[in-house]
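Here is a predicted model to look over, taken as a run of questions and answers. Keep the sequence and the 3D view at hand.

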Amino acid sequence: MIGALSALYGAAAAWRRAWYTREPSRQRRLDRPVISVGNLRVGGSGKTPIVEYIARILVAAGERPAILTRGYARKIVRDGVTVVSDGSHVVADLDSAGDEPLMLARGLSGVPVLVGADRYLSGRLAERRFGATVHLLDDGFQHLQLARDIDLLLVSEEDLQDRPLPAGRLREHPSAAAVADAALVTAGYDSAAERIARGCGIDRVFRVTRAIGAPRTLSGARDTIVVPPASRVFVVAAIARPDRFVADVEAAGWEISGVLSFRDHHRFDARDVARIGAEARAKGSAVVLTTEKDAVRLVACNLGDLPIASVPLVVGVEPADRFREWLLARVRNPQSALE
């Protein structure tokens, strides 16, 4: 039965994509170019850090990017558009923004962040009010209502072997990947990234690199703190794939004393904070480490004399120069197919 449901889900997703493809006029188009960053899998592929990375490239090149996002797990959902950042100031809170848009707004200067179900409406507002010259869709591969000029797809080895929901974790059949302009693959070697991209039917491929930065306090000035190698650290994560964060922390050379996981977008309350403190102390932990995404939901967490800090994920796209040149050429001439 679950296999039949998976086949039906995949067929429905394919029909929906074909419906937009057959008649491009069914998509709405903004005045400025649109870059979509998306994936096939439900959650946990690292889209939001890639969006931040690309936004920095665009700002450095003199563009004025705006980020258009859905704002999942918001408590307050208003009609129209919620401006999370105007590019200079964060003007929305966690309840009305959602954790990932708020993380982007806090991490980026000069980049408006807008939340809304209708991303065409968000884009029009970004163009009129903030003078946006290019748009970034966070999690946009399945948002077919809006035309895009560049489709970037994060793919992995797992996607090639997976199945659509509910039997697997895919929102579409892997064959849908072939429409992407470029694959972004997390892999240790270029040859591995190229093999995965070929398996998805994508000709152009770039390799995503991951590293973690220095831990930062959750509140105030977000100062960095020194956590010496081999320190006993207690890990807290409420993200789609906490195992990846745990692996990153372990690879940094710290000794993991314990791990406490919650569901993605979990809203921490006083009982959660008490539990975190109790379990971390029981394990003899020197510090509690969490993700940047969780930090916006744990900002009021007070563990007394036990420090708590977030560990930023630093991503890159390689070869960096080739990716930058290709991306900017496509932004400035959407019909370009330059390498």
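Helices (H or I, at least four residues) and strands (E, at least two) are DSSP runs, numbered from the N terminus.

Q: Which strands each supply at least two residues of the lining of the largest cavity?
A: The largest cavity holds about 40 Å³ of space. Its lining includes Val208, Arg210, Leu313 and Val315. The strands that each give at least two lining residues are strand 8 and strand 14.

Q: How do the lining residues of the largest cavity divide by class?
A: The lining includes Ser45, Gly46, Ile50, Leu154, Thr186 and Arg244. Gly counts as polar here. The division is 5 nonpolar, 3 polar and 2 charged.

Q: Which element gives the largest share of the lining of the largest pocket?
A: The largest pocket has about 1,200 Å³ of space. Elements that give two or more residues to its lining include helix 2 (47–60), helix 4 (99–107), helix 8 (242–251) and helix 10 (292–295). The largest share is 6 residues, and it comes from helix 2.

Q: How many charged residues are in the lining of the largest pocket?
A: The pocket is lined by 45 residues, and those nearest its centre are Thr48, Pro49, Glu100, Met103 and Lys293. By class, 16 are nonpolar and 10 are polar. The charged residues number 19.

Q: Which residues is Glu100 in contact with, leaving aside its neighbours within four places in sequence?
A: Glu100 is found in helix 4. It is among the residues nearest the centre of the largest pocket, as are Thr48 and Lys293. Contact means heavy atoms within 4.5 Å. Outside its sequence neighbours, Glu100 touches Thr48, His265 and Lys293.

Q: Why is helix 4 largely enclosed by the rest of the structure?
A: Buried means under 20% relative accessible area. The buried residues of helix 4 are Asp99, Glu100, Pro101, Leu102, Met103, Leu104 and Ala105. Helix 4 is largely enclosed because the buried share of its residues is 7 of the 9.

Q: What is the volume of the second largest pocket?
A: Its lining includes Arg17, Tyr20, Thr21, Leu144 and Asp181. Helix 1 (residues 2–22) gives the largest share, 3 residues. By class, the lining has 5 nonpolar, 2 polar and 5 charged residues. The volume is about 350 Å³.

Q: Over the ring of which residue does the charged end of Arg17 sit?
A: Arg17 is one of the residues lining the second largest pocket. Its charged end is 4.3 Å from the centre of the ring in question. That ring belongs to Phe141.

Q: What is the angle between the planes of Phe262 and Phe268?
A: The structure holds 5 aromatic pairs. Phe262 and Phe268 form one of them, 5.1 Å centre to centre. Both residues are buried. The pair is edge-to-face, with the planes at 80°.

Q: Which residues do ring pairs link into a cluster with Phe206?
A: Phe323 and Trp326 form a tilted pair, 6.4 Å centre to centre with 35° between the planes. They are 3 residues apart in helix 11 (residues 320–332), so about one helical turn separates them. Ring pairs link Phe206 into a cluster with Phe323 and Trp326.

Notes. Residues numbered from 1 in each chain as written. Predicted model: local features only at pLDDT ≥ 70, side-chain atom pairs only at ≥ 80, totals over all residues. Heavy atoms only, no water. 1 Å grid on protein atoms, 1.4 Å probe; cavity = no way out; pocket = protein on both sides within 12 Å on 5 of 7 lines; lining within 4 Å. Points joined across faces, edges and corners; volume = space filled by probe spheres on them. Buried < 20%, exposed > 50% of the residue type's maximum accessible area, 1.4 Å probe, protein only. Phe/Tyr/Trp six-rings, centres within 6.5 Å; stacked < 30°, edge-to-face > 60°. Lys NZ or Arg CZ within 6 Å of the ring centre and 35° of its normal.
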